[in-house]
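Please keep the sequence and the model in view while reading.

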Amino acid sequence: MTRTPRSALLLGLAGLLPFLWSALTELRPALGDWAATTLGPRFVGPYAGLAYGTVILSFMSGVLWGFATRTSGREAAIGYGLSVIPALWAFFFVGGGPTSAAIYLAAGFAGLLALDWTFWSQGLAPEWWMRLRLLLTAVVLACLAVTIFA
């Protein structure tokens with residue numbers, strides 16, 4: 001398996017910052033209070049992680065769509081159909097209170113990992129893709145667990 005390109009790794013890790021910030025401001029109430037006053041309440045605690053997570057699920061639909069373009073015919077049609085699932089999941093299921101939204105978002109990211117594996121196993125994603133996706137998904141799920149169990 002080839003190494004994850006440095007730029008993909010660094011940008012992927014940078015993409016975790018809003019999730020980490022969300023969890024940190026939930027675990028450290030004083031930081032959350034300061035951030036709510038300084039940045040506004042939508043950038044604190046579960047609201048930051050849930051909003052950003054919804055955006056990322058939609059973004060990942062686009063990534064999967066791009067993988068589907070690498071094939072044709074029936075396989076492409078199935079790929080396109082699978083690729084829209086994360087965005088539709090976020091639209092239809094991520095809502096309500098923070099706990100239920102975080103549960104649905106976590107389920108969406110777990111499902112996304114299965115879709116990542118599907119595209120990867122068909123040779124449509126780069127060889128290093130699953131190594132990166134496993135790392136990023138583990139951190140995302142850990143951060144969402146803070147909202148679910150806090």
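A pocket is here an open set of grid points with protein on both sides within 12 Å along at least five of seven lines, and a volume is the space filled by probe spheres set on the points. The model to which these terms are applied is a predicted one.

Helix 4 provides the largest share, 5 residues. Sorted by class, the lining of the second largest pocket has 8 nonpolar residues, 1 charged residue and no polar ones.

The largest pocket has a volume of about 370 Å³. Its lining counts 19 residues, and Leu-11, Gly-12, Phe-59, Met-60 and Leu-136 are those that lie nearest the centre. At least two residues of the lining come from each of helix 1 (6-14), helix 4 (45-68) and helix 8 (129-149). By class, this lining divides into 15 nonpolar, 3 polar and 1 charged residues.

Rolling a probe the size of a water molecule over the atoms shows where empty space is left. How many cavities of 30 Å³ or more does a search of the whole structure find? The search returns 1 such cavity, and the space in the largest cavity is about 40 Å³. Phe-19, Ser-22, Ala-23, Pro-46, Gly-49, Leu-50, Cys-143, Leu-144 and Thr-147 line the largest cavity. Helix 2, helix 4 and helix 8 are the elements that give two or more residues to this lining. Of the lining residues of the largest cavity, 6 are nonpolar and 3 polar, while none is charged.

The next topic is charge. Side chains of opposite charge can pair when their charged atoms come close. The structure holds 1 salt bridge, in which the side chains of Arg-133 and Asp-116 meet at 2.7 Å, N to O. This pair links distant parts of the chain, with Arg-133 in helix 8 and Asp-116 in helix 7 (residues 98-121), 17 residues apart. Are the two partners buried or exposed? Both Arg-133 and Asp-116 are buried.

Aromatic contacts come next. A pair of aromatic rings is described by the distance of the centres and the angle of the planes. The count comes to 10 aromatic pairs in this model. In one of them, the ring centres of Trp-65 and Tyr-80 are 4.5 Å apart and the planes stand at 35 degrees, so the pair is tilted. Trp-65 lies in helix 4 and Tyr-80 in helix 5, 15 residues apart, and the pair links distant parts of the chain. Trp-65 counts as partly exposed because its relative accessibility is 41%, and Tyr-80, at 27%, is likewise partly exposed.

Trp-128 and Trp-129 form another tilted pair, 5.9 Å centre to centre with 55 degrees between the planes. Trp-128 has a relative accessibility of 14% and therefore counts as buried, and Trp-129 is buried with a relative accessible area of 9%. These two residues also belong to a cluster, in which ring pairs link Phe-67, Phe-119, Trp-128 and Trp-129.

Two single residues complete the tour. Ser-83 is found in helix 5 (residues 73-83). Why does Ser-83 count as buried? Ser-83 is buried because its relative accessible area is 0%, and buried means under 20%. Leaving aside residues up to four places away in sequence, Ser-83 touches Ser-61, Leu-64, Trp-65 and Phe-119.

Gly-15 sits in the loop between helix 1 and helix 2. With 21% relative accessibility, Gly-15 counts as partly exposed. In sequence, Gly-15 and Ala-106 are 91 residues apart, and their C-alpha atoms are 16 Å apart in space.

Definitions and conventions: Residues numbered from 1 in each chain as written. Predicted model: local features only at pLDDT ≥ 70, side-chain atom pairs only at ≥ 80, totals over all residues. Heavy atoms only, no water. 1 Å grid on protein atoms, 1.4 Å probe; cavity = no way out; pocket = protein on both sides within 12 Å on 5 of 7 lines; lining within 4 Å. Helix = DSSP H or I, 4+ residues; strand = E, 2+ residues; numbered from the N terminus. Nonpolar A, V, L, I, M, F, W, Y, C, P; charged D, E, K, R; others polar. Buried < 20%, exposed > 50% of the residue type's maximum accessible area, 1.4 Å probe, protein only. Contact = heavy atoms within 4.5 Å. Salt bridge = Lys/Arg side-chain N within 4 Å of Asp/Glu carboxyl O. Phe/Tyr/Trp six-rings, centres within 6.5 Å; stacked < 30°, edge-to-face > 60°.
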